[in-house]
Amino acid sequence: MYYIGVDLGTSAVKLLLMEADGSIKNIVSKEYPLSFPNPGWSEQKPEDWWNAVVAGIKELTDGFEKDKVAGISFGGQMHGLVILDSEDNVIRPAILWNDGRTTKETNYLNNVIGKDKLSQYTANIAFAGFTTPKILWVKENEPENFKKIAKIMLPKDYIAYKMTGVHSCDYSDASGMLLMDVKNKCWSKEMMEICDVKEEQLPKLYESFEVTGNLTESAAAELGLTTNCKIAAGAGDNAAAAVGTGTVGDGGCNISLGTSGTIFISSKEFGVDKFNALHSFAHADGNYHLMGCMLSAASCNKWWMDEIIGTKDYPAEQKPITDDKLGENNVYYLPYLMGERSPHNNPDARALFIGMSMDTTRADMTQAVLEGVAFAIRDSFEVAGDLGINITETKICGGGAKSPLWRKIVANVLNIKVNIIESEEGPGLGGAMLAAVACGEYASVEEAAAKIVKVIDSVEPDATLAEKYDKKYAKFKQIYPTVKDLYDTLKA
């Protein structure tokens with residue numbers, strides 16, 4: 001049998017066809033537009049996602065026996081606000097995870113409702129990208145749209161609805177809404193009151209590997225599949241990526257260098273960082289995880305290459321950065337192109353270079369971008385260490401993980417072993433694995449991960465280089481506190 005993983009990303013949907021044994025048979029990607037109506041805003045049309053999924057699945061399954069597609073599941077961009085009316089029509093474009101318009105609402109939640117209460121209700125505090133501040137923004141700024149809301153959904157769940165007719169959400173993705181009681185895995189009555197929404201406006205909650213329904217006749221006809229195809233709830237992209245890299249059970253770690261960057265630590269026990277610098281979320285394996293999330297990771301390198309240097313030849317730009325250059329760069333880069341979440345929680349933060357001189361080269365600037373992202377990941381890594389979590393190795397995935405240089409920098413900045421897995425298809429593979437578990441192909445997510453995910457290479461840190469990066473990081477972490485107050489001035 002075949003299983004489809006739908007990785008609903010920010011710039012494109014990536015679809016993966018997996019056979020029962022975990023072998024990947026086909027991968028298709030379909031792009032869609034991203035809109036920035038105002039500075040700091042970020043929106044997409046859910047209809048564009050669906051059109052891309054339909055076209056992508058048809059192409060993905062072309063040449064394969066379509067009646068053997070047993071299940072579909074998802075890894076989706078988190079936190080986005082999708083609102084439907086009583087006819088299940090989209091009311092307005094989705095407000096995405098990297099949208100920064102909700103500073104006022106975020107401040108209200110953290111400072112008026114209070115971080116202690118939010119943490120008590122949801123295990124987390126408010127971040128500008130989370131869904132609840134977006135709901136409050138719509139209520140304040142688009143009251144007519146707010147009155148029309150019959151269902152509040154997350155991006156991947158809109159696709160699942162289009163397939164099944166069921167309004168569903170999984171615990172891992174719902175964890176990032178600031179509407180769910182993460183510890184008890186239910187919608188928070190207190191947060192619903194704060195948002196002025198009722199439980200019937202929210203989707204039913206499922207484990208990521210639970211079946212929510214089968215393809216409807218109309219969806220099956222549109223996708224070219226059969227109504228026997230089961231749909232599993234799926235997961236937020238980072239939890240799905242963790243499944244796809246085998247970061248399940250207790251004490252696993254995965255670093256994702258995608259559009260955003262994350263450090264993901266799986267745990268069988270529920271836990272909360274007392275400073276709420278790390279997110280405390282449910283995991284797709286039925287357990288929990290802690291996660292540090294930076295809003296711009298591989299997107300920093302893409303911006304630097306595409307927009308500033310004007311090249312698509314990423315390997316050529318990294319070639320001059322030889323081993324003797326590592327740990328010796330005097331240029332630093334703060335990777336806050338879209339603001340920052342973990343651990344600073346500042347949507348107004350912005351990127352900067354510092355330390356350039358007359359002998360600074362193009363390669364030095366490129367190196368600074370790669371190092372800056374690694375240093376920012378270490379910020380969250382340090383918080384985990386303060387919680388007594390001892391991480392000695394990690395998996396790595398995402399577009400940035402394809403760079404051997406970047407993997408080496410990450411290994412030495414964090415001073416841990418970095419494991420490269422056979423497939424770097426994180427969320428898409430994770431989604432397909434969740435579908436396979438839902439269809440009974442595997443008894444659990446952990447069993448699927450143990451049988452499917454294979455480590456093929458590792459990068460060990462070099463003691464001398466790790467020590468150099470330790471000193472560089474000590475300087476890097478002084479930059480943000482020094483310039484923090486300037487961001488308010490620049491915004492004003």
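Reply: Helix axes are lines fitted to C-alpha atoms over the stretch in contact, and angles run from 0 to 180 degrees between N-to-C directions. Helices (H or I, at least four residues) and strands (E, at least two) are DSSP runs numbered from the N terminus. This is a predicted model in which local features need pLDDT of at least 70 and side-chain atom pairs count only at pLDDT 80 or more, while totals for chains, interfaces and linings use all residues. Residues are numbered from 1 along each chain as its sequence is written, and side-chain values use heavy atoms, without hydrogens and water.

Me: At what angle do the axes of α14 and α15 cross?

Reply: The axes of α14 and α15 (residues 445–452) cross at roughly 125 degrees and come within 9 Å. Helix α14 is therefore oblique to α15; angles under 35 degrees count as roughly parallel, over 145 as roughly antiparallel, 65 to 115 as roughly perpendicular and the rest as oblique.

Me: Which residues of α14 and α15 meet?

Reply: From α14 come M433, L434 and V437, which meet V445, A448, A449 and I452 of α15 (contact: heavy atoms within 4.5 Å). This contact has seven nonpolar residues, with no polar and no charged ones. Ala, Val, Leu, Ile, Met, Phe, Trp, Tyr, Cys and Pro count as nonpolar, Asp, Glu, Lys and Arg as charged, and the others, Gly among them, as polar.

Me: How do α9 and α14 pack?

Reply: Their axes lie 6 Å apart, at an angle of about 75 degrees, and α9 and α14 are therefore roughly perpendicular. On the α9 side, D237, A240, A241, V243 and G244 take part; they meet G426, P427, L429, G430, M433 and L434 of α14. By class, seven of these residues are nonpolar, three polar and one charged.

Me: Which residues lie nearest the centre of the largest pocket?

Reply: A pocket is an open set of points on a 1 Å grid, where a 1.4 Å probe fits, with protein on both sides within 12 Å along at least five of seven lines; lining residues have an atom within 4 Å of a point. Here 48 residues line the largest pocket, and S11, G258, T259, A298 and K302 lie nearest its centre. Helices α9 (237–244) and α14 (426–438) are among the elements that each supply at least two residues of this lining. The largest share, seven residues, comes from α10. The lining comprises 17 nonpolar, 21 polar and 10 charged residues.

Me: Which element gives the most to the lining of the second largest pocket?

Reply: Helix α2 does, with six residues. The lining of the second largest pocket contains nine nonpolar, nine polar and 10 charged residues.
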